[in-house]
Amino acid sequence: MASLCTKCQQRATVYDVGGSKCDYCFQQAIIHNLKTTVSRKGLARFGDSVGLAASGGYASQALIDLLGRSLSEREDGKTTRMKLQVTVFHVDCETPLLQSSEKSRKVIEQLAAKYSFRVCYASEYMSSHQSLKETWERLAWSDVSDISDLEELSRIAVYRMIAILASSHGCKIVFDGLNANSICRNILTNISSGNGFAIPFEVSPIDISGRFSQVSIHHPQRDITDRQLMRYIWIRKVDFVAPNLLLQPVSSVESLTVSFLKELEVEHRSTIPNILRTSSKMEVPLQFSYCSFCRVPVGSNGKLLSTCPDIRLCKACQYRQERMSSNAFQLFLSSFMTMDQLSQ
Ligand SMILES: [Zn+2]
Ligand SMILES: [Zn+2]
């Protein structure tokens, strides 16, 4: 016998953590999840100007569509409508690992147009984009031998670009596409790299770190899993674009953590919510500063550079500095610090 939707008793098509659902009720539940996170956690207020950081991958596609529907559709007469001014920010940052494809760009533009969201590209702001591009071009493969470092460098660069883009548009709030799975992955990689200090910041849907001074980057999809987002995109018939990290023959810490989590989830379906719940119990430190390289909040795990006491490095970046050629590390550090001055 086919199972029924726990909400409306129609034939169920999605087998979700909260019970079986039909396509319609499943989508409503996901939209409701996002809206609740935005309103209850205070990610944005009525009328705010909000930026969406969109790489073009499925998580950011879902984010544009979910937010678009949250703003234009009403579940019932009672709920107050959200009202936000939305701009989509896309960083076209070519790194050895991250390549913005024509396809992902198109998908973003189509989705944004559907909800009349403005789209802005980083390439319009030449100075920081150009200097970053030059930094990548001057890099030889031998400079960064660790694949995890390359991934991390791309991410650090993209987040800084987003902060610069947002602040130049007078936008103080940015939503990114991180979801329950990617946040768990970050928590575990933080632990393995000696950055446990950053966990309370990592797990919070609201950006409490202030790492990009003027701009806060929130995670409205924190309580939505990877599986749910993929299913949502599939139902919505949006062109599925795989995450735009190029496939690598070598495993990074990150990809290993992802497969570790996946295997755990097969045996224990509540792994992801459990990691999130446990991490949320950690107290947010009252005093902290930031890693000059990756902007992660640091406490006693941070170390001042002996050569330049203005520069503080987190544990992960201290190891990174040892692994990378000193020339490349210096190149990125100064490029990142110039970007930080721009976004302030
Ligand atoms: Zn239903
Ligand atoms: Zn760092």
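The exercises below concern a predicted model of one protein chain.

Residues are numbered from 1 along each chain as its sequence is written, and chains are lettered from A and ligands numbered from 1 in the order in which they are written. In this predicted model, local features need pLDDT of at least 70 and side-chain atom pairs count only at pLDDT 80 or more, while totals for chains, interfaces and linings use all residues.

**Exercise 1. Overall form**

Task: state the secondary structure content of the protein chain and decide why it counts as compact.

Solution. Step one is the count: the chain has 12 helices and 11 strands, where helices (H or I, at least four residues) and strands (E, at least two) are DSSP runs numbered from the N terminus. Step three is the box: along the principal axes, the C-alpha atoms fill roughly 65 × 45 × 40 Å. Step four is the contacts, meaning residue pairs whose C-beta atoms, placed from the backbone, lie within 7 Å. Among contacts between residues at least 6 apart in sequence, 72% join residues at least 24 apart.

**Exercise 2. Burial and the nonpolar core**

Task: find which residues touch the most other members of the largest nonpolar core, and which helix gives the core its largest share.

Solution. Begin with burial: a residue is buried if 20 or more other C-beta atoms lie within 10 Å of its own, exposed if 12 or fewer, and partly exposed in between, with C-beta atoms placed from the backbone. By this criterion 41% of the 344 residues are buried. A nonpolar core is a set of buried Ala, Val, Leu, Ile, Met, Phe, Trp, Tyr and Cys residues joined through C-beta atoms within 7 Å. The largest one holds 79 residues, and Leu52, Leu63, Ile64, Val88, Phe89 and Ile162 touch the most other members. Helix α5 (residues 147-168) supplies the largest share, 10 residues. Beyond its neighbours within four places in sequence, Leu63 contacts Leu52, Ala54, Phe175, Gly177 and Gln221.

**Exercise 3. Strand β4**

Task: determine which strands pair with β4 and why β4 is described as largely enclosed.

Solution. Two strands pair if DSSP finds at least two bridges between them. Strand β3 (residues 49-53) runs parallel to β4 and is joined to it by five bridges; Ser49 has Gln85 as its bridge partner in β4. Strand β5 (residues 118-121) is also parallel to β4, with four bridges, and here Thr87 stands opposite Arg118. For burial, five of the six residues of β4 (residues 85-90) are buried, so the strand is largely enclosed by the rest of the structure.

**Exercise 4. Two arginines**

Task: classify Arg160 and Arg323 as buried, partly exposed or exposed, and list their contacts.

Solution. Arg160 lies in helix α5. Its 26 C-beta neighbours inside 10 Å make Arg160 buried. Leaving out residues up to four places away in sequence, Arg160 touches Phe336, Met339 and Ser343. Arg323 belongs to helix α11 and, with 13 C-beta neighbours inside 10 Å, is partly exposed. With the sequence exclusion of up to four places, Arg323 touches Ser145, Asp146 and Asp149. The buried residues of α11 (residues 315-323) are Lys315, Ala316, Cys317 and Arg320, and their cover includes α5 and β11 (312-313).

**Exercise 5. Helix α6**

Solution. Just after α6, Gly194 takes a positive phi of about 85°.

**Exercise 6. Positive phi**

Task: locate Gln9 and Ser116, and decide whether each is buried or exposed.

Solution. Most residues other than glycine have a negative phi. Gln9, not a glycine, has a positive phi of about 65°; Gln9 sits in the segment before β1 (14-16) and is exposed, with 9 C-beta neighbours inside 10 Å. Ser116 has a positive phi of about 55° and lies in the loop between α3 (102-114) and β5. Ser116 is exposed, with 10 other C-beta atoms within 10 Å.

Definitions and conventions:
The radius of gyration is taken over C-alpha atoms; the globule rule is 2.2 Å times the number of residues to the power 0.38.
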